[in-house]
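Welcome, and please bring the model up in your viewer. We will go from selection to selection, with a short note at each stop on what to look for.

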Amino acid sequence: MNLSWQVAFSALMACAWGSDLTFPPGFKFGAASAAYQIEGGWNASDKGESIWDRLVHENPEMIGDRSNGDVACDSYHLWQRDIEIASEIGLHFYRFSIAWTRILPTGFSDKISEDGKNYYNRLIDGLLEKGINPVISIYHWDLPQQLQDLGGWVNPLIVDWFSDYARVVFSLYADRVKTWITINEPTMICDESYNTGFFAPAILEPHISPYVCAKNVLLAHAKAWRIYDEEYRPKYNGEITLANHLIWYEPLGEEDFELTELVRQNLVGRYSHPVYSKEGGWPPSLEKHMEEVSRRKGFQRSVLPPFTREEIDLVKGTFDFYAMNHYTSRLVRKAEPSEHIGSFPLNGAPDLEAVFEKDPSWSITTSHWFYINPEGIRRQLAWLRKEYGDIKFWITENGLSTTSGLEDRERIEFYRDYLKEVLLAINEDGQKVTGYTAWTLMDNFEWNDGYNSKFGLYEVNFTSPMRTRRQRASARYYKQIIDTHSVPKSPYDDL
Ligand SMILES: *[C@@H]1O[C@H](CO)[C@@H](O)[C@H](O)[C@H]1NC(C)=O
Ligand SMILES: *[C@@H]1O[C@H](CO)[C@@H](O)[C@H](O)[C@H]1NC(C)=O
């Protein structure tokens, strides 16, 4: 069967077992990873130390199984096998990140590592040879420790440090890489880290840092976007944006509607309104709320640092599409007087006096923070369009964590159910979703969960020196999704 026949046939089959389960022409499928989680080679050649290298070595007790990413999947040496498995699945693209410290050992652009540069050159060229488009995240949480020692993301100078690094990366790879993510998940960098102290750089300071960091991340993204736009787009015509981690928040009761909207503005709006709205700047409701909270706490100025007019204009419009990482949902209610409020963004929002809960119908995964609610992805997309207009979306991460095993029925059902919701968003709501990215290609170092939470389409044997990768049932199902350009029945549906 030729391809168009295959697509038409599968569309017919899809119609036969439900509503239209076919993806629009041109819809792209990929899988994602991140440098620290897979590469290993933490001190190979002249690589510098990152904040994750520092955290796992100095605070092993913060990692569930006291493991680290020193070797991880050893992709620093086994990158050819990674390309092979991406090709086995038939991915259209592979999203990976660049380790800042591998390219710039000092964190600054005074010295570019020859070995670091070559590592990513080989990976990019190898993917292209197999017809797989490389999608690069320039930053996926592994800040050079040297920059952290100077304050990291709360020092406004990071805007220049990051944009210098981004320019180096563009100069090396923009001739072949057409899709770019500047910064992955600002909420993890700014909120989860400073609100818990359990995430690199292991600093607990929830009052000021999350907000200062948010502003600096947005300015850094914007500056990198503008460098691409002015210096590289004219030659290479690629696309670039930042990737946001969006938890879908639902009100617990009718009376929690307004509060939930404010919570959405604090997560989604804080990192999206400055970039995607017509007016730019912070979401007005959040800005007003944070002024009041700051005054009540005794500060002379808002802890959410205002943007100048110039900064608003610098950040506004710095996107080519909306990149959405999505996994989970929460219910929002008002905190009782003197109730303990968990940390933002997963458990509550102390500055908003909001507590987050789970719906009893959502099942828990191997990751303590992750409850399954497929409808959340469609509702989140609808909210984004209501706020920012009819923009183009890519799902840049979505996937399930499980324990070990090759027959991963739950993961197949997860992809089936979430992708059905993505299709409803496209076909029923008319959303422009143009790509989907499975998290992740293979099991990896899942940050504070170590190697206990497995998100991979491929299983990795972490006790084997060869770090053997083996195909899971979900990898075959994902391949079938890609080959048929639709959501096929799960192999378990008839059991
Ligand atoms: C690199 O780190 C490993 C531990 O992961 C250590 O055994 C080795 O000596 C280090 N190599 C260098 C060159 O520092
Ligand atoms: C993982 O590798 C080790 C060492 O090579 C081997 O003994 C073990 O059987 C492997 N585990 C699986 C599940 O294949």
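Start by selecting Asn373, which counts as buried at 5% relative accessibility; here buried means under 20% relative accessible area, exposed means over 50%, and partly exposed is in between, with a 1.4 Å probe and protein chains only. Asn373 sits in the loop between strand 8 (354-357) and helix 14 (375-388). Helices (H or I, at least four residues) and strands (E, at least two) are DSSP runs, numbered from the N terminus.

A word on conventions before moving on. This is a predicted model, in which local features need pLDDT of at least 70 and side-chain atom pairs count only at pLDDT 80 or more, while totals for chains, interfaces and linings use all residues. Residues are numbered from 1 along each chain as its sequence is written, chains are lettered from A and ligands numbered from 1 in the order in which they are written, and side-chain values use heavy atoms, with hydrogens and water left out.

**The whole chain**

Zoom out and colour by secondary structure: the chain has 16 helices and 12 strands. Its C-alpha atoms fill a box of roughly 70 × 55 × 50 Å along the principal axes. For 495 residues, a compact globule would have a radius of gyration near 23 Å, and the 22 Å of the chain agrees with that. That radius is taken over C-alpha atoms, and the globule rule is 2.2 Å times the number of residues to the power 0.38. Of the 495 residues, 61% count as buried.

**The disulfide**

Next, select Cys190 and Cys213, which are joined by a disulfide with an S to S distance of 2.1 Å. The rule asks for a pair of cysteine sulfur atoms within 2.5 Å, and by this rule the count comes to one disulfide. Which parts of the chain does the pair tie together? Cys190 lies in helix 9 (residues 186-196) and Cys213 in helix 10 (residues 209-236), so the link ties together parts that are 23 residues apart in sequence. Look along the S-S bond: the torsion is about -70°, so the disulfide is left-handed. Cys190 is buried, at a relative accessible area of 0%, and Cys213 counts as buried with 0% as well. While you have cysteines on display, pick Cys73, which is buried with a relative accessible area of 0%.

**Backbone stops**

Most residues other than glycine have a negative phi, and most peptide bonds are trans.

- Ala200 and Pro201 are joined by a cis peptide bond with omega of about 15°. Pro201 is in the loop between helix 9 and helix 10.
- Asn237 has a positive phi of about 55° although it is not a glycine. You will find Asn237 in the loop between helix 10 and strand 5 (239-251), and at 61% relative accessibility it counts as exposed.
- Trp439 and Thr440 are joined by a cis peptide bond with omega of about 20°. Thr440 is in the loop between strand 10 (432-439) and strand 11 (458-460).
- Arg467, a residue other than glycine, has a positive phi near 45°. Arg467 lies in the loop between strand 11 and strand 12 (469-471) and counts as buried at 13% relative accessibility.

**The two ligands**

Which residues surround ligand 2? Select Asn461, Thr463, Ser464 and Arg470; a residue is near a molecule if one of its heavy atoms lies within 4 Å of it. A polar side-chain atom of Asn461 lies 2.3 Å from an oxygen atom of ligand 2. Taken alone, ligand 2 exposes 360 Å², and the protein buries 35% of that; such areas come from the Shrake-Rupley method with a 1.4 Å probe, and for residues only the protein chains shown count as cover.

Finish at ligand 1, with Trp42, Asn43 and Asp70 around it. A polar side-chain atom of Asn43 lies 2.3 Å from an oxygen atom of ligand 1. For Trp42 the distance from a polar side-chain atom to an oxygen atom of ligand 1 is 3.1 Å, and for Asp70 it is 3.1 Å. The protein covers 28% of the 370 Å² of accessible area that ligand 1 has on its own.

How values were computed. A polar contact is a pair of N or O atoms within 3.5 Å; within protein, one must be able to donate a hydrogen and the other to accept it, and residues adjacent in sequence count only if both atoms are side-chain atoms.
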